[in-house]
Structures are given as C-alpha cells and as structure tokens.
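Welcome, and thanks for taking a look at this model with us. Have the structure open beside the text as you read.

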Amino acid sequence: MRSFIIKRLLLLIPIFFGVSVLCFLILYFIPGVPAKIIAGEGATKEDIENIRVVFGLDKPLYVQYLRFLRGIFTGELRSIKSGESILKEIAPRYVGTIQLAFSSIIISSTLGILLGVLAAVYKNSWIDNLAMAFALIGASTPVFWLGLLLILVFAVYLKVLPSGGREGFKSIILPALTLGLPSSAIVARLTRASMLDALSQDYIRTALAYGIPKRKVIFKYALKNALIPVVTVIGLQFGFLLSGAVLTESVFGWPGVGRYIVDAVFSRDYVVIEVGILITAMTFVLVNTSVDLLYAVLDPRLRKG
Amino acid sequence: MIKLKLLEIRNLKVYFNTEEGIVKALEDVNLEIDKGEILGLVGETGCGKSVTVLTVLRLLSNASTISGQVLFEGQDLLKLSEKEMLKIRGKEITMIFQEPMTSLNPVFTVGQQLMDVIQLHMNLDKKRALERAIEVLKLVKLPDPDYIVNKYPHELSGGMRQRVMIAMAISCEPKLIIADEPTTALDVTIQAQILGILKHLKEQLGVSILIITHNLGVVAQICDRVAVMYSGYVIETGTVAEIFQHAVHPYTRGLLKAIPPIEEKVERLNVIPGNVPNLITPPSGCRFHPRCERYKDGVCNAQAPSLRQLTETHTYMCYNPYLPEGVVEEVNV
C-alpha cells in the first residue's frame, strides 16, 4: 500500500512538468508572433519590441519557461490587461472555484449514490422509476436553464436564498445545486447499475446465508464493491465541474477561475490564460490522483503498485 | 430409542412464476438428517438440489409457491419470521458454496468476514472474535492462520478459500452444515483434502452435514446416507451400502451404471437415454417414465408414485422397482 502511494505521488512530477510545458507553449501554438499577439491589433513596431523585452520574449525558450514558472509562484507574472499580479488576482477566485466544485461534488455524490442504491435495492418498483426519471431529467437539463429556474424559485418567489454573489454559506447553495444536480443524475445511474451487479454476486448470497441483516449487506458488503466504478466517475465529474463551472459562475455572478479565464480569452490576456489553464489542469491531476488512492482503499486488488 | 431427527423436510413443494409459465421446481421432496450424520443429495443439474437447500434457509426471494414443512429440531422454518430466520442462518445452519473463488467478498479481509459472522452470532467482542476466527482457521488446517486472517480472498488459492468458507461455516458451532457442491470447482487432490476436512469436522464437532453433489465418488467417500433427486422428487434414499449395492429405482441404477469402470476399457460410456424433463410441462405421473427402462404404460404415466419403504432406512418412489428376490414391497403413505 505504501509503495503504491509513493509511486502515485512520484508520478505527479512528470505530469506536472508536461502540463506546465504545454500551458507555457500555448502562446507559441497560436499562429503569429507572440509579441504581436500580446500587443494586439494596431500596435507599432516599437510597442512590439517593447513587449518582447518586458515579457522576456527575446530570451531563449527554456529561460522563458523558467521565468514563467518562477513568475507564477512569486507573483511577478502580471495580467496584460490589468497589470495586476496574476497570483493575487487568481488566488481568491481559485478558492471560490474549489468551494463551488467541492460543494457540488458533495451534493452530486451523496444524492447520486443514495438514489442509485435505493433504485437498485427496490429494482423495478416506483422508487426505482422515480429515481431514474429524476436521473434522466437531471442529465438532460442545461445548466444555465436550471440555474435560472432555481433563481426564479428560491430567490425571486420564495426569497429565501440570494440570487448571486459570494457572501456566506447561503450564496453557495444555489450555484452548488445547479452544478451538482445534473452530475448527481449521472452518479445515480452508474451507482444503480454497479449496485445491481454487486447485489447479484455470490458473496452477497454468502452474507445473506450467514444471517447478516439486509441493511448491512447492502451498505457494507455490496456498496463497497459497487463504489469502485462510481468513484472514477465522481473524479471525472470533478474535472467537468472545474471547467463547466463557467456557465454557473456567470449565471450566479460567482467569482471563479472559469469566468476569469473566459474574460481573459475575450481580452486576449494570454498570460492569464496560460496560468489559469495550468492551475485548473493541476487541480484536475491532483483530484484524479486522489481518486486513484481512493481506489486502493476500496479495492485491495489494486494495491499492488 | 428413536434417534432424534435434526432436519426433516416433508412434502416440500416449490414453484416459480416465469414468463414462460410456472416452473414446478420441487414437487414432493422428503428428506431427513440425523444428528451427526452426513447425507449426500445427488442428482443431475436442474433436478432441484440447490432449490431444496435454499428453501431450507429461506433464501429464495422469487418463489411463487412454497408449501410443506421444513422442521429443524421440530420447529417449522417456513413459519418463522424473517427476524427469527436471521438467528438460524449462519448460527444453527450454515452453508458452503460451490464457487470458492466468488463466494467471499473481495474487498474485505478473511478475518473481517469471519469476525462479522462470529460477532453477530456469538456475542463476542472484537478481540475474542478475532481469536475465534484464528481458531476456526486452525480447525480447517490452514497453515499460519495468524497470517491468513489478514489476507484478502484474491491472495489465497481456490482450495484455501474453500477452507476459509468451511471455517466460516463452523465458526458459530452450527448443528447443520449444508455444502452445495463444495468440491466441484476444485482439482481432485484439493477435493480429497476438503472432503477429509469435512469428515474430520463431523467426527470432531458432531455436526450434521448435508452435501449436495453430482459426484457419486464423493458420496461413497464420506456420506452415511444418500438421497437421490430427480426432477423435483426425492426418488430414493438409503444408506450408502443400500444405494450402491441394492438400488431399486431404475434412475438410481442408471446413475450408478453411468460411472465408467476403472478396471476395464469400455468403448462407449453408459448413459441414461433422454434429457432432464422440462419443469414447466413435466411428464405426467412419474416424471422419469419417458426415460425409464421398466416403464409400464397406464401405470407410470398416470399418477406420481407415492413414497414406499423397503427397510427402515431405504425408501423409494417407483411402481416397478428392481426389488431383491423374495421382497414384497411395502407401501407407506
């Protein structure tokens, strides 16, 4: 188990290196001269030359890369548009995004797993039908529409929750629901299938034949087996929540990394795009590594590194 | 003195509703097991052996009809509540399954699974339950039980897993162990070891064992008595000697003849002609009559034969049995 963890963590180093190189090279993948792209349309020759020096674009590529890396951590890297340190700008937004992503993952996994287990245990009953109808609707509801609907109900009519902004616990409920509900639908469907499979296994018959109460058989013996594929999907959903949060962040005026990057795209703030994507990608990698570690906790057969 | 019966199954009937029709899995099953006895239940695939034992433990969730009696120490298990059954399963009656590779939960250690059962039925704390788990692993002759107890099923071989299963079966000092084809999935050497362990446990712990098998070699090796099933009926029961030497039912004779002799080379193996009957539309009368070599028209196909008794231990269901010379059949309704 320990060697498995160490191996997984060591694997992060080359992944981080690869991801950072890719993000750094975005500027070079875009057709045209980087300095010209940064300068934008209608810039004079002096402007472009100036930018080359200020951004270090006249230096060799590896020096630029190292400066890029150092710049992120020291906060020296500045937004082209605002001139502010990117680190300073992105940090609070990053916290916002993570808060939102975690809240919605909690909603989607608890609700999804609960519905999936219920649907599997009461297979073909009205409970199953209701849960799966919810899953179908949830999976096919557009996020922005759901967001607006929730605002309409809870903020406009019932006036119990704020329609946007980021002030306290109450303000995160609606955006987290908006992001979490469609994702819970996917988790529910998968949990149902996985649970049905687990419940039909021989070891469940063994547990029942030995007088283990049904509740324990379902929530201990079957669920631990059924969760293995579910955890994978929850990990992948987290990536979707990081990147797909842009719409939700826009609908609720939630200050997050998604919107920050999209704004940067519109204002051609390439440095911000580079850093934003790098941070998002790294978070995704970290989450998936945690999922891998969680696998090993759930399934002893995967512990051999 | 009358020997006390541990388990008595009387006129057990089990039907299932399916889309194709009603499957008459068990029609009239009568069985009894004494204390400290090993009973072999033999028959072809699909004759109802597994349904019988699953009914005893009330583990069938989809049966449409269950009638008859399953008396365990005089108490009808079919009449108990689900809650009362939880105290029978795993405590009084335990089961060993055919597939050791899949019968244990892959995500819990051997020890955790044993301890769950032990704590549930024996009222022991964690430490004592662990001690008991190691003790029963020792009883089934697993080497290094302190080490095995922390292993996951996938780290053990098939034979070792089956021993763990047997350890679980004896962990709460049951009165009856039901072993459903416990050696079918194992190779012959391991099979012999497992049978040896079962026999030893019977002698050491005085537990009764109902062993389901389609291997008559297994029966000859460890059983005291045999019950032969065919298409939802127990058609003949007797001691091992009675069945192997003086079987009276044509089906039992057919089964015995189907074992290829070791001493001589044979060109073709002996078979019973025909197939196992369809359980939705079974043959009328005796369900074996279309395949029977002693079939009498108008008798065998008219009505199912009743249970008849030859000796105190030997019973059968047949109109035209191979009776030993000079024996007049006794009808016991």
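What follows is a short tour of chain A, its surface, and its interface with chain B. Please keep in mind that this is a predicted model.

**Chain A**

Let's begin with the fold of chain A, which holds 12 helices and 0 strands. Taken along the principal axes, the box filled by the C-alpha atoms of chain A is roughly 80 × 55 × 30 Å.

The surface of chain A carries a nonpolar patch with about 1,000 Å² of accessible area in total. Among its members are Phe144(A), Trp145(A), Tyr157(A), Val160(A) and Leu247(A). Helix α7 of chain A, residues 143-157, is the main contributor to this patch, giving 8 residues. Leu247(A), another member of the patch, sits in helix α10 of chain A, which spans residues 214-252.

**Where the chains meet**

Now for the interface, where 22 residues of chain A are in contact with 27 residues of chain B. Together the two chains bury about 2,200 Å², and 62% of that lies on carbon and sulfur atoms. On the chain B side, 25% of the buried area comes from Val107(B), Phe108(B) and Asp116(B), more than from any other three residues.

The polar side of the interface is worth a look too. The rule finds 2 salt bridges between the chains; one of them joins the side chains of Asp116(B) and Lys216(A), at 3.4 Å from N to O. There are also 13 residue pairs in polar contact across the interface.

Which elements of chain B each supply at least two residues to the side that touches chain A? They are β6 (93-96), α3 (110-122) and α6 (158-170). Of the elements, α3(B) provides the largest share, with 4 residues.

| Class | Count on the side of chain B that touches chain A |
|---|---|
| Nonpolar | 16 residues |
| Polar | 7 residues |

How values were computed
Residues numbered from 1 in each chain as written. Chains lettered and ligands numbered in written order. Predicted model: local features only at pLDDT ≥ 70, side-chain atom pairs only at ≥ 80, totals over all residues. Heavy atoms only, no water. Contact = heavy atoms within 4.5 Å. Buried area = accessible area lost by both parts, 1.4 Å probe. Salt bridge = Lys/Arg side-chain N within 4 Å of Asp/Glu carboxyl O. Polar contact = N/O pair within 3.5 Å; in protein donor to acceptor, adjacent residues only side chain to side chain. Nonpolar A, V, L, I, M, F, W, Y, C, P; charged D, E, K, R; others polar. Patch = residues over 30% accessible without salt bridge, like charges linked within 9 Å, V, L, I, M, F, W, Y side chains within 5 Å. Areas by Shrake-Rupley, 256 points an atom, 1.4 Å probe, with all protein chains shown as cover.
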